[in-house]
Amino acid sequence: MGAQPVVVLSDDSERTHGRDAQKMNIAAGKAVAEAVRTTLGPRGMDKMLVSDSGDVVITNDGATILNEMDIEHPAAQMIVEVAETQEDEVGDGTTTASVLAGQLLSEAEDLLEQDVHPTTVVEGYHEAARIAGEAIEAETLDADVDDDTLTEVAVTSMTGKGTGDVTTERLAEIVVNAIRSAGGDRDEVRVHTQTGASSSATELVQGVVLDEEPAHAAMPREAEDASVAVLDVELDVRESEIDAEYNVTSVDQLQTAIESEESELRGYADAIEAAGIDVVFNEDDIEDRVASHLADRGILAFDGLDSDDVSAILEATGASQLVSVDDIEADDLGTADHVRTARFGDDELAFVEGAEAENVTVFARGGTEHVVNELERALTDALDVASTALDTGQVVPGAGHTEIAIADRIRAEAASVSGRKQLAVEAFADALDILPRTLAENAGMDPIDALVDLRAAYEDGERAGLIVEGRTGAVRDPVEQGVLDPAAVKKEAVESAAEAATMIVRIDDVIAAN
Ligand code: ADP
Ligand code: MG
C-alpha cells in the first residue's frame with residue numbers, strides 16, 4: 001500500500017515555491033522602492049495620497065508616503081519597514097534607504113538568474129555592507145560639528161521640501177537654535193503647527209505650546225511669574241449625593257446635599273488658592289463649577305491634557321504631578337515666567353514660556369493644513385539630523401558624493417573576494433549607483449553623463465557631488481556648497497537596506513493562509 005500524502009495545509013492556503021517565490025517577492029519589493037524614487041533629492045517631486053475616506057496628504061517624505069500607501073504584500077511591507085526603521089533610528093534618509101533596498105533586490109535578481117546561490121548573494125551583500133561602513137567612516141569630515149555645520153545639515157535635509165514662503169536657511173537657523181536651547185536633547189524640542197499665517201511667521205518659542213483653552217471663559221488669559229501646579233485629579237464631586245439612590249425625603253435634606261456638594265467643589269478651588277497656585281494644568285477633568293470658582297479666584301486652569309503635553313509641562317516648569325489637591329507642598333509646584341493664551345482664528349492656544357527648563361517649541365505656521373503638515377515633516381527631519389550630527393559629531397558630504405566613494409571602495413575590495421561571492425559584492429556597489437543616478441534624473445540631468453562626471457572627478461581625487469541649484473545640477477564640491485548629511489543617516493540607510501534585501505532574497509517558499 002502506497003503511503004498517503006500528508007496534508008498539512010488547509011485547502012485555502014496558497015503556496016509559492018523556489019524561483020517563483022523569489023521572483024514574486026523581489027518584484028513586490030522593487031515596486032515599492034520605485035514608488036518613492038521620484039521624490040529623492042532637492043528636485044524630487046511630491047506625492048498626493050488620498051485615503052479611503054478622502055483624506056489628502058501631500059508629501060515628499062519617503063516614510064510618510066510608504067506609510068500612507070496601505071501596502072499588503074509581505075515582501076513589499078519589508079521595504080516599508082526599512083523606511084520606518086530609518087525614520088525611527090535617524091529621522092531622515094528614508095527615500096535613500098528604500099530606493100537602495102529596491103536596487104539591491106534588482107541586482108540580486110540578476111545574480112539569481114545567473115545561478116548564483118541566494119546564500120552567496122546574502123554573504124556578498126553582508127561583506128559589501130561592512131566595507132560600506134568603513135567607507136562612510138573614511139568620508140567623515142575632520143572638522144568639528146559647529147553651528148554653521150549644523151545649519152548646513154539642516155538645510156540639506158529640508159532642500160526641496162514644501163516649506164512655503166520661508167527660506168530653508170531661516171528654518172535651519174530656528175532648528176539649530178532649538179537644538180542648542182534644548183542642550184542638544186532632541187526630546188525637549190517639539191513642533192507645533194498652526195494655520196492662519198504664512199510660513200515665514202514660523203518662530204521658536206522658549207517653552208511649551210498647547211492646543212488648549214482655559215477651562216472657563218471668565219479665567220484670566222495670562223499669568224506672569226506663575227506658580228504652576230500639574231494635576232491628575234478629577235476636580236468633581238467624588239460621588240454625587242443628589243443622584244444617589246437613597247431617598248431625600250425633605251427639602252431640607254436636599255438643600256443639605258446640594259450644599260455639601262457645593263462646598264466640596266469650592267474646597268478644591270480653596271485648596272488650590274491656598275497653595276498660592278496661579279496656573280493649573282490638569283490631566284483629568286475640571287467640573288464647570290470648580291472652573292468657575294477658580295476663575296473667581298483669578299486662577300487660570302486647563303483640563304483634559306494629553307500625557308505628552310503633561311510630560312512637557314512637568315519638564316518645562318519643574319513641577320511634580322499631583323494626584324490630590326490635599327496638602328500641596330511648595331516643592332511640588334513649578335514655575336513659568338509667562339503663561340498666556342492666544343487666539344488664532346477659531347483656535348485658542350496656550351503658551352508656557354521662559355520656563356527654567358530647556359523645553360522649546362518650533363511654532364510652525366502656514367496658510368493651510370497641507371502646508372503646515374509638510375512643513376512639520378521637514379522641520380522634524382531637520383531637527384533629527386541636526387541633533388544626530390551634534391550627538392555623533394560626524395557628517396559626510398551629500399549630493400551623491402559619499403555613495404560614489406562607498407561604491408568605489410567596495411569595487412576595489414571586491415577584487416580580493418573569491419568565487420561567486422565577488423559578483424555579489426560588486427553588485428552591491430552597482431546598486432549604490434542608483435542614488436546619484438536618481439538625484440541626476442530628478443534634477444533633469446542626463447544620468448549617465450552625470451555618473452561618469454562624478455566618477456571621473458572622484459578618481460582625480462576631487463570631492464564631487466551633483467549639486468542641485470535652481471532648475472539643474474552641476475558637479476561641485478558638496479562641502480563647499482554646504483550639502484552635508486549626518487554619517488549616521490548613510491550608515492543606517494546602507495545597513496537597513498542590506499538587511500531587508502538579504503532577508504527577502506533568502507525566502508524561497510511562501511505559504512499564505514487565506
Ligand atoms: P531622503 O528621504 O533619503 O532623505 P531626500 O529627498 O531628503 O531623501 O534627499 C536626500 C538626498 O538629497 C541626500 O543624499 C542629500 O545629500 C541630497 N541633497 C540635499 N540637498 C542637495 C543639493 N542642494 N544638491 C544635491 N543633493 C542634495
Ligand atoms: Mg531627507
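Predicted model: local features only at pLDDT ≥ 70, side-chain atom pairs only at ≥ 80, totals over all residues.
Arg343 is exposed, with a relative accessible area of 52%.

**View 1. Arg343 pairs with Glu348.** The two residues form a salt bridge. Their closest N and O atoms lie 3.6 Å apart. This pair counts as a salt bridge because the cut-off is within 4 Å. Glu348 is buried, at a relative accessible area of 5%.

**View 2. Arg186 meets Asp384.** Their side chains form a salt bridge, with an N to O distance of 2.7 Å. The pair links distant parts of the chain, 198 residues apart. Arg186 sits in the loop between helix 7 (168-181) and strand 4 (189-195). Asp384 belongs to helix 11 (residues 369-392). Both Arg186 and Asp384 are buried.

**View 3. Glu469 meets Arg476.** A salt bridge connects the two side chains, at 2.9 Å from N to O. Glu469 is partly exposed, with a relative accessible area of 40%. Arg476 is partly exposed too, at 34%. Both residues fall in this class because their values lie between 20% and 50%.

**View 4. Five residues form one network.** Salt bridges that share partners join Glu127, Arg130, Glu134, Arg409 and Glu413.

**Overall count.** The model holds 29 salt bridges. Side chains of opposite charge can pair when their charged atoms come close.

Notes
Residues numbered from 1 in each chain as written. Chains lettered and ligands numbered in written order. Heavy atoms only, no water. Helix = DSSP H or I, 4+ residues; strand = E, 2+ residues; numbered from the N terminus. Buried < 20%, exposed > 50% of the residue type's maximum accessible area, 1.4 Å probe, protein only.
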